[in-house]
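I opened my notebook to write down what I looked up, one entry at a time. Come along and check each entry against the picture.

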Amino acid sequence: MGLESALGEGFLTTKLDAVVNWSRANAVWPMPMGLACCAIEMMAFAGPKYDASRFGSEVMRFSPRQSDLMIVAGWCTYKMSHAIRRVWDQMPDPKWCVAMGACASTGGMHRSYGVVQGCDNFLPVDAYISGCPPRPDSLLNALIKIQDKIKKEHTVLLDK
Amino acid sequence: MNISEPHQAIINDLQQKYPDKVLDVKEHAGATVIVRVNRDVVHDVLETLYNDHHFIYLLQVFGTDRFTSENRFEVIYHIFSLRDQVRIFVKTWLEEDNLVLPTTTDLWKAANWQEREVYDMFGVQFTGHPDLRRMFMPEDFEYYPLRKEFPPLGIPGSIQLPSTTPDTEED
């Protein structure tokens, strides 16, 4: 460790990827796309009992331009899908998506002509959560999985 | 049959004004009466009920698909008399190849959206309706979802999903 000994006390060297991923993973600001009863569990996830702020995700941004993680909480109709996609397109990269609950993942019990059978038909979903509705713990679990995913990312330079 | 007095008076009046057009009278649950009338007089019957019996409150208009070879579709008006405190269902049967009824928006403003919904779900045309557009489904949707032959999961590709490539700026 020649460089650190040259810099003296109070310095350490690391990879830029590690710093960027560490800061991104611990400040995943969610965009709450609450569409149905799952949104209630999502609020509990943000509230004091389950406390998403332990993972740096307490800042629910209702503006897509300030958020990193879209939580699709509930069943989405064909009519709503256009609005969801529009909000998703407004979110700045890098961004992640959670399909929360049976309905957002597969259409769930809404086997109907008006409901999109899974929001992965028009969104790139990173994590699916089972349950109807899932417990806030499950959403925390999905958040941790997404954090793991973020921590494994690396810059374009290393892609070769 | 256990028809209450105000109901019986209304039915007698209808039968007297429209002989042979009141096809069926049923009492339901001890609280209401279902009257089936000929399709030609449905607007006249509703107008009579509105003017002479104070049925000024329209609760619902809805359709059903009976899935029979004759008189397949049914349109039902659920109305309430604020004077007599009684409710009546007026219904009429329609042939599949002639799904046309006169609108009742001239009597009740509330019929506007209700008839649009019946049009959206069953394809019943209401002549004289001020704004007969679809209620829930997209304007260019070609099917009527509550008809029995419509598959519960819909026709694949009949409703557009959003594009999965991000919007690009206009040239």
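This is a predicted model: local features need pLDDT of at least 70, side-chain atom pairs count only at pLDDT 80 or more; totals for chains, interfaces and linings use all residues.

Entry 1: I began with how elements get their names: helices and strands are DSSP runs, numbered from the N terminus. The phi angle of A:Asp51 is near 55 degrees, a positive value in a residue that is not glycine. Is A:Asp51 buried or partly exposed? I found 15 other C-beta atoms within 10 Å, so A:Asp51 is partly exposed; being buried would take 20 or more.

Entry 2: I turned to B:Asn71, in the loop between β3 (57-65) and β4 (73-81) of chain B. Its phi is near 50 degrees, again positive in a residue other than glycine. B:Asn71 has 13 C-beta neighbours inside 10 Å and therefore counts as partly exposed.

**Entry 3: chain B as a whole.** I read 3 helices and 7 strands in chain B. Along the sequence they come in the pattern α-β-β-α-β-β-β-β-α-β. The C-alpha trace spans about 70 × 35 × 30 Å along its principal axes. Of the 171 residues of chain B, 25% count as buried. For contacts in chain B with a separation of 6 or more, 51% come from residues 24 or more positions apart. I also wrote down the confidence: chain B averages a pLDDT of 89, and 96% of its residues score at least 70.

**Entry 4: where the chains meet.** For the complex, the predictor gives an ipTM of 0.73 and a pTM of 0.80.

**Entry 5: helices α3 and α6 of chain A.** I looked at helix α3 (residues 38-46) and helix α6 (residues 136-151) of chain A, which pack at an angle of about 70 degrees with their axes 8 Å apart. That angle is why α3(A) is roughly perpendicular to α6(A). The crossing of α3(A) and α6(A) is right-handed. The contact uses A:Glu41, A:Met42, A:Ala44 and A:Phe45 of α3(A), together with A:Pro136, A:Leu139 and A:Leu140 of α6(A). By type, I got 6 nonpolar, no polar and 1 charged.

**Entry 6: helices α2 and α6 of chain A.** The axes of α2(A) and α6(A) come within 8 Å and cross at roughly 165 degrees. The two helices are therefore roughly antiparallel. From α2(A), the contact takes A:Asn21, A:Arg24 and A:Ala25; from α6(A), it takes A:Gln147, A:Ile150 and A:Lys151. These divide into 2 nonpolar, 2 polar and 2 charged.

**Entry 7: cis peptide bonds.** I found a cis peptide bond joining A:Asp93 and A:Pro94, with omega about -5 degrees. A:Pro94 lies in the loop between α4 (78-90) and β3 (96-100) of chain A. A cis bond also joins A:Cys132 and A:Pro133, with omega about -15 degrees. A:Pro133 is in the loop between β4 (127-129) and α6 of chain A.

How values were computed: Residues are numbered from 1 along each chain as its sequence is written. Chains are lettered from A and ligands numbered from 1 in the order in which they are written. pLDDT is the predictor's confidence in each residue, from 0 to 100. Axes are lines fitted to C-alpha atoms, for helices over the stretch in contact, and angles run from 0 to 180 degrees between N-to-C directions. Helices (H or I, at least four residues) and strands (E, at least two) are DSSP runs, numbered from the N terminus. Angles under 35 degrees count as roughly parallel, over 145 as roughly antiparallel, 65 to 115 as roughly perpendicular and the rest as oblique. A crossing is left-handed if the near helix is turned anticlockwise from the far one by less than a right angle, and right-handed if clockwise. Two residues are in contact if their C-beta atoms, placed from the backbone, lie within 7 Å. Ala, Val, Leu, Ile, Met, Phe, Trp, Tyr, Cys and Pro count as nonpolar, Asp, Glu, Lys and Arg as charged, and the others, Gly among them, as polar. A residue is buried if 20 or more other C-beta atoms lie within 10 Å of its own, exposed if 12 or fewer, and partly exposed in between; C-beta atoms are placed from the backbone.
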